[in-house]
Amino acid sequence: MARKIRVLVAKAGLDGHDRGAKVVASAMRDAGFEVIYTGLHQTPEMIVQAAVQEDVDAVALSILSGAHMTLFPRVLTLMREKGITDVLLTGGGIIPKEDMAALRAMGVGDLFGPGTPTTAIVDYIRSATRAGAEAAR
Amino acid sequence: MANAARTETEAQRVKREAQGPAAGKPGAAENESSTAPPQLFETLSGIPVKALYTSEDVKPGLAERLGEPGKFPFTRGLHTEMYRARLWTMRQFAGFGSAEHTNQRFHYLLAQGMTGLSTAFDMPTLMGYDPDHAMSLGEVGREGVAISSLEDMEILFRGIPLDQVTTSMTINAPAVVLLAMYVAVAEKQGIPPEKLGGTVQADMLKEFIAQKEWICPPRPSVKICVDMIEWCAQHMPKWNSISISGYHIREAGATAVQELAFTIADGIGYVEECRKRGMDVDEFAPRLSFFWDVHNDFFEEIAKFRAGRRIWAKLMRDRFGAKNPKSWMLRTHAQTAGVSLTAQQPLNNVARVAIQALAAVLGGTQSLHTNSMDETLALPTEEAATVALRTQQIIAYETGVTNVVDPFAGSYFLEALTDRMEEEATAYIRRIDEMGGIIQAVERGYPQKEIADSAYRFQMQVEQGQRTIVGVNRFGGDEEISIPVLKIDPDIERRQIERVRAVRARRDAARWEKTIAALRDACMSDRNLVPYVLDAVRAYATLGEISDVFREAYGVYREPAVF
């Protein structure tokens, strides 16, 4: 029996828009993931620390405030510094296509915009994480 | 979701109670919809809708429930002639980058025929941080304009005589600081506070419920809101000291009924807090204002505006004993639903916004913001913002809907729906009263949980194809339509940091010290804080510094992380 996929759903920065993060967290839970939600107003340091402590397979960052080009790279850098390079960094929010491409080039995973079905996010995390790959074997 | 079909949700329970003992079995609707074609014959709030309405559907006593326009209970509108006498205020929310940028946008919008200003602030400003605080990293000037000290505010309103415009400021946790800065800028223009017209949102209850921008815990936050209501009642007779907002509650996922109920429950909360302070209800109630969302469900939205006015009028007259008819009036701003707009096929949003705006007008709004088609992608470009304003002008000047007051009155369907929304919202309000009032309910997380459940239910309905979103889960095209997106200069953060540091270095340090100390002292008492904040902003204390005084005095709020 494969272990459950563990995902940290995180709200970074000052952005209080948590409707999407909560809907996605609920959908992941219903899909059988173990979901840890950080709550609002987390710094990149707090998020990466939680990712290490909770031994997650993926960090899903929700940003609707326009600060994604600062916060995603900062979280990614800190993840590399902590040596958790096998953890997927993904997320979503109000993020223009060019910025999604630029972040992907830095090593961030797929990012999801408004209107994405939650099943697409769940399927992606299954396909792109270590635990998901083990389960598929 | 799996257990939603088996057990009755709180929303269904409230709905059943509102309908009395004759209502159907709980859960029956779910069973029907699972075998029915992928179309829900119900409103966005889950109110079942029949194919045909007749006089049988309208309960006796309609004339009394409607009243006349401009008279209690204001179901038909606040004014006898409504838009024949005066159109609604076209108030487009604007703000990005630096104070200079937003000042230019204001001048542009005024030149295009806009009749009221509306200011959007950036996240650090909304949360009470200066731009050089660690939490502000990457956020300065992104979602709105950065205002850190009186100097920024002076630039923001440069060349705009504040006695000739009305200004709405969407700010909550540090609202008292922005209100004080506005008064101080007017002072410098030689305009006394009693001549200033406009609105400060300053509704902290809905922050804890939905928008989640706060500094201190609920009770001191509400205390500061009540300070503003009290001070404005004494000094700013043309100013709306609060905008009790359903908008954010709806955007966070509430249904129209929940938006109506939780917003009015918030209103009751503020009225009760003011009365505890010994204020007479007619002293402040005429300056309370409201703010509704306008979503896609056309008739439900019109019914919501009408039901809201009726519920409020009855509450104010009968529960709170208000004597002044102005205290009975639910005056409202409205904004089309940002959450209804799609990133897919963004041009379709122009149609959504037009339909929503029409509902707000038919519902009798006093002022309106129409969203721009590109808001799911970034802040609006100038072109998109202009189309949004033109949409209002087309409704106002081309469609003829402004010629007749409350034209849908007497429609069997609309009247039945208005009554039903009033009943369901009233059932929620009763439940909140039983919990000891809205502050207790918020501390228990009750409205928060209700909203999150509704948001999830809606998303599942969309994913299962029961609800259609054009261009998203039906009628999607393969080719990507791209539209231009506004870019914010990343250098704004650096310049804003330099400016606030220059202000701190240049100001009269002794005067600053004295005003901050006086504010700190006042926070430890029951005194009204507005005069102390006003002195501090005149001394160029920054928004972050004043917010820090609140943090020290009252503590910082942390929400329990539940989903």
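This is a predicted model: local features need pLDDT of at least 70, side-chain atom pairs count only at pLDDT 80 or more; totals for chains, interfaces and linings use all residues.
## Chain A

Chain A is built from six helices and five strands, and along its sequence these elements follow the pattern β-α-β-α-β-α-β-α-β-α-α. Its C-alpha atoms fill a box of roughly 40 × 35 × 25 Å along the principal axes. The radius of gyration of chain A is 13 Å, which agrees with the value near 14 Å that a compact globule of 137 residues would have. Of those 137 residues, 53% are buried, and among the contacts in chain A between residues at least 6 apart in sequence, 74% join residues at least 24 apart.

Helix H5 of chain A, which covers residues 118-128, has buried residues at Thr118(A), Ile121(A), Val122(A) and Ile125(A). Seen down the axis of H5(A), the buried residues fall within an arc of 100°, and they therefore line one face of the helix. On the other side of H5(A), the residues Thr119(A), Ala120(A) and Ser127(A) are exposed.

## Chain B as a whole

Chain B contains 23 helices and nine strands. Its radius of gyration is 23 Å, close to the 24 Å that the globule rule gives for 563 residues, so chain B is as compact as a globular protein of that length. Taken along the principal axes, the C-alpha atoms of chain B fill a box of roughly 75 × 60 × 50 Å.

Buried residues make up 52% of the 563 residues in chain B. Where contacts in chain B have a sequence separation of 6 or more, 77% of them are accounted for by residues 24 or more positions apart.

Helix H16 of chain B, residues 382-397, has 16 residues and reaches 22 Å from its first C-alpha to its last, close to the 22 Å expected at 1.5 Å a residue. Its buried residues are Ala384(B), Ala385(B), Ala388(B), Thr391(B), Gln392(B) and Ile395(B). These residues cover an arc of only 110° around the axis, which puts them on the same side of H16(B). The elements that cover the buried residues of H16(B) include strand S1 (89-94), helix H15 (348-363) and strand S9 (367-369) of chain B.

Helix H20 of chain B, residues 491-506, also has 16 residues; at 1.5 Å a residue they should span 22 Å, and the end C-alpha atoms are 23 Å apart, which agrees. In H20(B), the buried residues are Ile492(B), Glu493(B), Gln496(B) and Val500(B). They cover an arc of only 100° around the axis, and this puts them on the same side of H20(B). The other side of H20(B) has Asp491(B), Glu498(B), Ala502(B), Ala505(B) and Arg506(B) as exposed residues.

## A buried loop residue and the nonpolar core

Met329(B) lies in the loop between helix H14 (325-328) and strand S8 (332-336) of chain B. Leaving aside neighbours within four places in sequence, Met329(B) is in contact with Phe74(B) and Leu78(B). Met329(B) and Lys71(B) are 258 residues apart in sequence, but their C-alpha atoms are 9.1 Å apart in space.

The largest nonpolar core has 201 residues, and those with the most contacts inside it are Val7(A), Val59(A), Val75(A), Ala180(B), Met228(B) and Val533(B). When residues up to four places away in sequence are not counted, Val533(B) touches Val176(B), Val177(B), Ala180(B), Leu519(B) and Ile546(B).

## Where the chains meet

The contact between the chains takes 28 residues from chain A and 33 residues from chain B. On the side of chain B that touches chain A, the elements that give two or more residues are helix H5 (123-127) and helix H19 (446-463) of chain B. H19(B) gives the most to that side, with five residues. By class, the side of chain B that touches chain A has 19 nonpolar, seven polar and seven charged residues.

How values were computed:
Residues are numbered from 1 along each chain as its sequence is written. Chains are lettered from A and ligands numbered from 1 in the order in which they are written. Two residues are in contact if their C-beta atoms, placed from the backbone, lie within 7 Å. Helices (H or I, at least four residues) and strands (E, at least two) are DSSP runs, numbered from the N terminus. Ala, Val, Leu, Ile, Met, Phe, Trp, Tyr, Cys and Pro count as nonpolar, Asp, Glu, Lys and Arg as charged, and the others, Gly among them, as polar. The expected span of a helix is 1.5 Å times one less than its number of residues. A residue is buried if 20 or more other C-beta atoms lie within 10 Å of its own, exposed if 12 or fewer, and partly exposed in between; C-beta atoms are placed from the backbone. The arc is that of the directions from the helix axis to the C-beta atoms. The radius of gyration is taken over C-alpha atoms; the globule rule is 2.2 Å times the number of residues to the power 0.38. A nonpolar core is a set of buried Ala, Val, Leu, Ile, Met, Phe, Trp, Tyr and Cys residues joined through C-beta atoms within 7 Å.
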